[in-house]
Amino acid sequence: MPMKIENGPFWKRVEENLQNDFMRGAVAGMQDRGYVRRLGVIEELGHWEEWRSLAEQIRKHTLEHLDYYLMQLSENVTKRGGHVFFAQTAEEANDYIRRITLEKQAKKIVKSKSMVTEEINLNPVLEAIGCDVVETDLGEYILQIDDHDPPSHIVGPALHKNKEQIRDVFRRKLGYDKSSDPVELARHARETLRRDYLTADIGITGCNFAIAESGSITLVTNEGNADLVTALPKTQITVMGMERIVPTFEEMEVLVSMLTRSAVGQKLTSYITVLTGPRDEGDADGPEEFHLVIVDNGRSSILGTEFQPVLQCIRCAACVNVCPVYRHIGGHSYGSIYSGPIGAVLSPLLGGYDDYKELPYASSLCAACTEACPVKIPLHELLIKHRQIIVEREGKAPVAEKLAMKAFRLGTASPSLYRFGTKFAPSAFAPFVEDGRITKGPGPLKAWTESREFPAPNKERFRDWFLDRQKGGKPS
Amino acid sequence: MKVSLFVTCLIDLFYTNAGKATVELLERLGCEIDFPEAQTCCGQPAYNSGYVKEAKEAMKQMMRAFADTDYVVTPSGSCAAMLKEYPHIFHGDPEWEDEAKRLAAKTYELTQFLVDVLKVEDVGASLHGRATYHTSCHMTRLLGVKEAPLRLLKHVKGLELAPLPNAHQCCGFGGTFSVKMGPISEQMVDEKISHIEEVEADYLIGADCGCLMNIGGRIERLGKPIRVMHIAEVLNQRNEKRGE
Amino acid sequence: MTRGTIQNRDAFLQTIAERLGRAPRLSGVSRPQWDYAPQWTVFAGYSQDDLLSALREQCKLIHTDYIETTSTELAGVLKRQVAAYGGGPVIVPNDPRFAEYGLSPLLQDEWPVEQTAVHTWNPALGRKNIDAAEQANVGIVFSDITLAESGTVVLFSRNGQGRAIHFLPKTYIAIVPKSTVVPRMTQAAALIHEQIEQGALVPSCINFITGPSNSADIEMNLVVGVHGPMKAAYIIVTDR
């Protein structure tokens, strides 16, 4: 599916998802367990702030010299006999991959998890030419066979599904006849997918980190699926977002450490695999042909803007895992395959403000995301930047709000206006005050008083009290 | 020691007791309080909503009002954090960048001021009861003040302080977020209140009136028997069995 | 090796340079001296014994059996472990270390005699190697480098050591000479980087394997044994 997971208003999605008790319990449980585990591995590692600063420096340097490192990468891939296709747009990437698939007369394709292939909406393009495209990451597999249910989390995409739902999907689609025990479900997926690995013509992967100095790609999994996807089929196609690159093995290991700890609280995942080109001469497994597709799809338009730091992202979802808003509304509410704080910053940049204008406002700016980000992306500040753009350039702010903010400017820029305005606040609010509080507020207060009491403005402002006190000879 | 008080718009209008308590407390600790009347608002409401031009006008007024001061102390973690952002916001502005740096350098949140500048942790307060402390997001994450409030509360005679579960989670205020995204904010504040109830606290203490207005407003609507107090009020309590 | 093809690079990189507000920079860039190097502080000053202790502890956390032995006892221990894991068929790479560590009699005589099939990876047999790996109950390899902090074995692919050995069999046993143990990936990465700087070509596949396969994709419950092996064991040879 493409980046946008559904049409329809933000609020409709949010209201529906707020009713989804299972999803909210699953997300809260994941966040709570993850919080403790993440803090544990960070403490065990030590010097975490230095690690973050190092990771940030590596990402910033790489982005500032992105053309150089992509040049070096492509040279080294081709020296090893691999092919490199630079795709400015999603269409170009899909066209190239379709051409290879047709050339190979491929009928079955196995895929490991790749957000960028979802973003460019690759699968339908290959299915349209008669290919059976099988997602092998367990979470993606579950969603795929459930009629392409969209992912709700960038690392654990099936977080919103409970085991009974998974059992039912397996029963309906795979002839499964056992229980909802996760071990049995996983074993069934293992057996079914085993056959697919062994008969696939092409393996398609994403890329956690490309390594420029050797023309390598790094794949990080716990399941081992990416390894089977790349060891067995004759052709391998790796699709990477153009910014997912490091200079050398030494930076790769730093960022992998940050990724595994931040994403899943592990020192390392079970399988970290560095692949370079097609198989070596004389090997009996590994692909005979290797293609690397490097995708822009709007990323270059982020370079050179105040949003450039968002390209530092290593897709760990640490921000998602600490977000108190995501906790309640879940991933589907964002309407994008990229959800949570990173999704709220990235989706408007890649997909435009029309579809995603609410996302930058779906945040209390608590900065938990900024604090958690292993590469120090100032996420909450970028959300404010989006709001500024929406207000100033896009002109999409509500009229009433614009007027209120104009009044704010007048009131706070002039002390006398401020004193005047606040002096009369009590009388302006008086009709709504009962028992020292406001229960049914007017205008903007209405939204507040839907669920909360609002305090009545004091007749005696603090400044009145203070200044009276001063006059009254109170020692000051 | 001369301390200039930045009282904040919320306290000026709605939570005057927190302002009064701040003054009385600081005076008792030997400070001479002055209140620059030209102060208005730190600019957060506009800035965080993306109205940067409008916010900057408020910020300039703040810089004017506090130009001639030594220490600027405010009983609001988020407002202090906002003031600390001024140098970043006015970066490159030939007229205001230096002023912004000057103001940011002398701005303190109240508990930060007590512990780091006055070097005081026992202010001689007493309040009998079971309480829990709400760690406001901007104060902890943006301003970096985590320990000071707890150190001060530890010395309040008779106060039983229980740690708040999931303290790191936002209460759902976020300024205009609380009204723009009301239904989401409501879920967040309800979860916050459930954690306060989990530790059976009689008092909820905080250092940010925005948070307290949010949590307190919901507590009142739900009719929960939890008393919400600003930390200045708690620290200013003397020889009382129950807060007033 | 015939060079691969490159398409659309010039315009692509030109766009990037334009967005960064400068001319394309396609050569002459080197890494700065990074401001921090915390990765080198992990297990700094640890002896090999200290590293083994760390490895032993880590194995408990990653569902991996940890067995210590000596080179003379290795064959016996290996035979016992494989039996404990359900016996053959067994698949091994074509690796001189098996002979060096006295395992030839086991592979060539003892196991075949008791009907435990042993397949040695042989590129000339092409796809049959993969079939053998798929049917194998146990895959056995020698670790090239071992990372103490995470409990990871590092394997470089060779003609005689296919990738499928690490993934298709149900059980995975890595023989770990004590001398291969280093603190963490930092040391392995530095070694590989050094070799690249000196003009070496990395093998087409380098695996960093930590225990058996697993997933937490179903209700965040950790399930061990998904697509890769369901069981893993490290046999440490303490005198090598």
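In the predicted model, 26 residues of domain 1 of chain B are in contact with 22 residues of domain 2 of chain B. On the side of domain 1 of chain B that touches domain 2 of chain B, at least two residues each are supplied by helix H1 (9-13), helix H2 (16-28), helix H3 (44-48), helix H5 (77-89) and helix H7 (110-117) of chain B. By class, this side of domain 1 of chain B consists of 13 nonpolar, eleven polar and two charged residues. The domain assignment of chain B places domain 1 at residues 2-117 and domain 2 at residues 126-235. Taken over C-alpha atoms, the centres of domain 1 and domain 2 of chain B are separated by 22 Å.

Chain A was examined next. The secondary structure of chain A comprises 22 helices and 13 strands, and its C-alpha atoms occupy a box of roughly 95 × 55 × 45 Å along the principal axes. Of the 476 residues in chain A, 58% are buried. Among the contacts in chain A with a separation of 6 or more, 73% are accounted for by residues 24 or more positions apart.

The contact between the two chains was then considered. Chain A contributes 50 residues to this contact, and chain B contributes 53 residues. On the side of chain A that touches chain B, the most is given by helix H19 (residues 399-413) of chain A, with six residues. The residues on this side of chain A divide by class into 29 nonpolar, nine polar and twelve charged.

Definitions and conventions: Residues are numbered from 1 along each chain as its sequence is written. Chains are lettered from A and ligands numbered from 1 in the order in which they are written. This is a predicted model: local features need pLDDT of at least 70, side-chain atom pairs count only at pLDDT 80 or more; totals for chains, interfaces and linings use all residues. Helices (H or I, at least four residues) and strands (E, at least two) are DSSP runs, numbered from the N terminus. A residue is buried if 20 or more other C-beta atoms lie within 10 Å of its own, exposed if 12 or fewer, and partly exposed in between; C-beta atoms are placed from the backbone. Two residues are in contact if their C-beta atoms, placed from the backbone, lie within 7 Å. Ala, Val, Leu, Ile, Met, Phe, Trp, Tyr, Cys and Pro count as nonpolar, Asp, Glu, Lys and Arg as charged, and the others, Gly among them, as polar. Domain bounds come from an automatic or database domain assignment.
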